[in-house]
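Look over the sequence and the fold, then read on.

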Amino acid sequence: ATAQKAADTILEALKQAKRPVIMLGHGVDSEVSQQELIHFAQKRQIPIITSVLAKSVLGYDHPLNFGCIGGAYGHRYANMIANAKSDLLLCFGISLCTRQIGTKVHEFAKGAKIIRVDIDQYNLQRDIHENGENEVKLQAETSAVINCLARAHCPEMDGLSDWLNVCTEIKENLQAVDDATPERYPNRMIADLSDMLEDTSAIAVDVGQHMVWSYQSFK
């Protein structure tokens with residue numbers, strides 16, 4: 001698909017959607033494109049969920065940041081919003097592998113239309129919905145598509161949309177559940193550690209459970 005046709009497909013789908021979500025992956029590796037996509041989401045009040053590798057694109061306290069997708073490993077609220085509540089997933093440079101959406105792939109976001117923008121044709125060969133139903137695959141450069149979206153006219157929206165308010169309520173409620181769970185002590189320790197450190201450009205972790213605690217709770 002050409003970048004403009006891909007953007008037109010996305011804009012048309014947004015007209016029909018009531019609960020859209022942007023899924024942002026590491027395939028969007030240009031800082032310019034990342035900021036253009038965030039600005040696009042801000043104008044339309046669309047929540048953003050990232051892959052683990054794209055976690056740093058949005059600040060921890062950004063009002064559109066609804067965590068990392070990730071089966072048993074991501075943020076509980078991100079999984080809930082994307083998998084059970086959204087009616088349109090706009091996926092940019094994110095693989096939607098089994099570590100992100102679970103091993104029962106066809107069960108993921110069954111009530112949502114999925115639009116996937118990816119340069120990798122082999123990644124797009126995999127169906128998320130059974131038989132690719134209600135799923136659109138657009139092989140294109142994410143940066144070019146995002147640039148077209150950024151130039152599309154849209155009036156600025158004031159305040160939070162009803163959908164964004166719902167997502168915020170889900171996030172706050174599920175965070176409260178997790179924070180009250182004794183087994184989440186390592187997460188609270190990581191969060192406290194991040195509060196003690198000054199802003200830094202990079203945090204390095206090894207592979208293991210502490211990596212999960214870090215991307216879940218490091219601010």
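The structure holds zero disulfides. The model is a predicted one.

What keeps C91 from a bond with the closest cysteine sulfur? Distance does. The closest cysteine sulfur to that of C91 sits in C97, 12 Å away, which is too far for a bond. A disulfide needs two cysteine sulfur atoms within 2.5 Å.

## Burial of the cysteines

Are C91 and C167 buried or exposed? C91 has 1% relative accessibility, so C91 counts as buried. C167 has 0% relative accessibility, so C167 is buried too. The cut-off for buried is under 20%.

## The largest pocket

The largest pocket has a volume of about 880 Å³. Its lining is made up of 31 residues. Nearest the centre lie K55, S56, I203, F218 and K219.

Which elements give two or more residues to this lining? They are β3 (65-68), α7 (162-179), α8 (185-196) and α9 (209-217). The largest share comes from α9, with four residues.

Conventions
Residues are numbered from 1 along each chain as its sequence is written. This is a predicted model: local features need pLDDT of at least 70, side-chain atom pairs count only at pLDDT 80 or more; totals for chains, interfaces and linings use all residues. Side-chain values use heavy atoms; hydrogens and water are left out. On a 1 Å grid over the protein atoms alone, a cavity is a set of points where a 1.4 Å probe fits but cannot get out, and a pocket is an open set with protein on both sides within 12 Å along at least five of seven lines; lining residues have an atom within 4 Å of a point. Grid points are joined across faces, edges and corners, and a volume is the space filled by probe spheres set on the points. Buried means under 20% relative accessible area, exposed over 50%, partly exposed in between (1.4 Å probe, protein chains only).
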